[in-house]
Amino acid sequence: MPRSRSTGAYLAVPAWAWLATFFVAPVAMVVWFSFGYKPGVFGTHANDILSFDRYVEAMSPTFFATFQNTLGVGILGTVICFAVGAPVAYWMAFKVKPERRGILIALVLVPFWTNFLVRTIGWQVILAPEGWLSGLLQGIGVIDGPLELLYTRTAVVIGVVYNYLPLMILPLFVAFDRVGPALREASKDLGANKISTFFRVTLPLSRPGVIAGVLLVFIPLMGDYITATVLGGAKGNMVGQLVASQFQTAQNWALGSAMAVLLMLVITLTIGVAALILWLVALPFRSANTLVLGPEQAPATDAAAPVREEVRA
């Protein structure tokens, strides 16, 4: 037994080495640079004098307003991705024949076959005032003049939803697919309709997929600067653009690192607050189930028993 455990630990060494080299070390360097300063016009960073001054600069009114816009786009984009992706994933998991699911999964993955920047520029062409969408809407009488949607916050939301929607659909599809038909049939046999079955059986059992989809969309979306640069302009400015400009244009790696660290901290804090709110919301339901079932009740022996108890509750 000890030998097999040590062998398993050795097998994990490449993964840990990869994680340490390409994640831990870069993040540690960013944190280290954030305590430095910009040494002159042609310097990028120096850490001979350490201070929190760059964090004070990063919390300027401009950065704070940009961060508010970024957080709003991130939350709204994640909610829209879930609202659109959940029905699609549900349909793929429960309504489509198994032999056709592979084709649909491939269609979901098609956008990833094209470069991220190229996909975003495609939306710039679509949303342009002289683009085909503007001409179509004017032709059918929906709008009177050119479409004034490009370089706005709405255009940024459209772009991020399009770019990150597959990252929501795939985890939800896997989670829904793992919910066996016996559990849903047991719920329906006990009188629950389709909506009640979804919210009281399917969705709770798919919680790991929902969490994975939300994290896969929200975290990269908050740091995205390509979509905001191509589609947002000045009105769709996001924190990622400020960080990129400090590293690439201003050559102030210390201030850019401080902004990046603050962005990571706020993302972590937002996820923590959201998890706490969801836990508090679900707490009354768990307490009610405990009162109905009783803590001393023996565990169910068949797969459909938990669904029966949930529906009865």
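Predicted model: local features only at pLDDT ≥ 70, side-chain atom pairs only at ≥ 80, totals over all residues.
T229 is located in helix α12, which spans residues 226-232. Although T229 and Q241 stand twelve residues apart along the chain, their C-alpha atoms are separated by 7.0 Å.

Two further residues illustrate the other classes of accessibility. T268 belongs to helix α14, formed by residues 253-293. With a relative accessibility of 54%, T268 is classed as exposed, because the limit for that class is over 50%. Between the C-alpha atoms of T268 and I219 the distance is 8.9 Å, and the two residues are 49 positions apart in sequence. N69, by contrast, lies in helix α4. Its relative accessibility is 13%, so N69 counts as buried, the limit being under 20%. When neighbours within four places in sequence are left aside, the residues in contact with N69 are R153, K235, G236, N237 and M238.

The chain as a whole contains 15 helices and zero strands. Of its 313 residues, 36% are buried. Contacts between residues at least 6 apart in sequence were also examined, and 67% of them join residues at least 24 apart.

The packing of helices was considered next. Two packed helices are described by the angle between their axes and the distance between the axes. For helix α4 (residues 61-95) and helix α8 (residues 153-178), the axes come within 6 Å and cross at roughly 40°. By class, 24 nonpolar, five polar and two charged residues make up the contact of α4 with α8. The crossing of these helices, α4 and α8, is right-handed.

A second pair is formed by helix α9 (residues 181-189) and helix α10 (residues 194-205), which pack at an angle of about 160° with their axes 10 Å apart. Because angles over 145 degrees count as roughly antiparallel, α9 is assigned that arrangement relative to α10. The crossing of α9 and α10 is right-handed. On the α9 side, the contact is made by L183, R184, S187 and K188, and on the α10 side by T197, V201, T202 and L205. By class, the contact of α9 with α10 comprises three nonpolar, three polar and two charged residues.

Just after α7, G141 adopts a positive phi of about 85°.

Notes:
Residues numbered from 1 in each chain as written. Heavy atoms only, no water. Axes fitted to C-alpha atoms, helices over the stretch in contact; angles between N-to-C directions. Helix = DSSP H or I, 4+ residues; strand = E, 2+ residues; numbered from the N terminus. Left-handed = near helix turned anticlockwise from the far one by under 90°. Nonpolar A, V, L, I, M, F, W, Y, C, P; charged D, E, K, R; others polar. Buried < 20%, exposed > 50% of the residue type's maximum accessible area, 1.4 Å probe, protein only. Contact = heavy atoms within 4.5 Å. Parallel < 35°, antiparallel > 145°, perpendicular 65-115°, else oblique.
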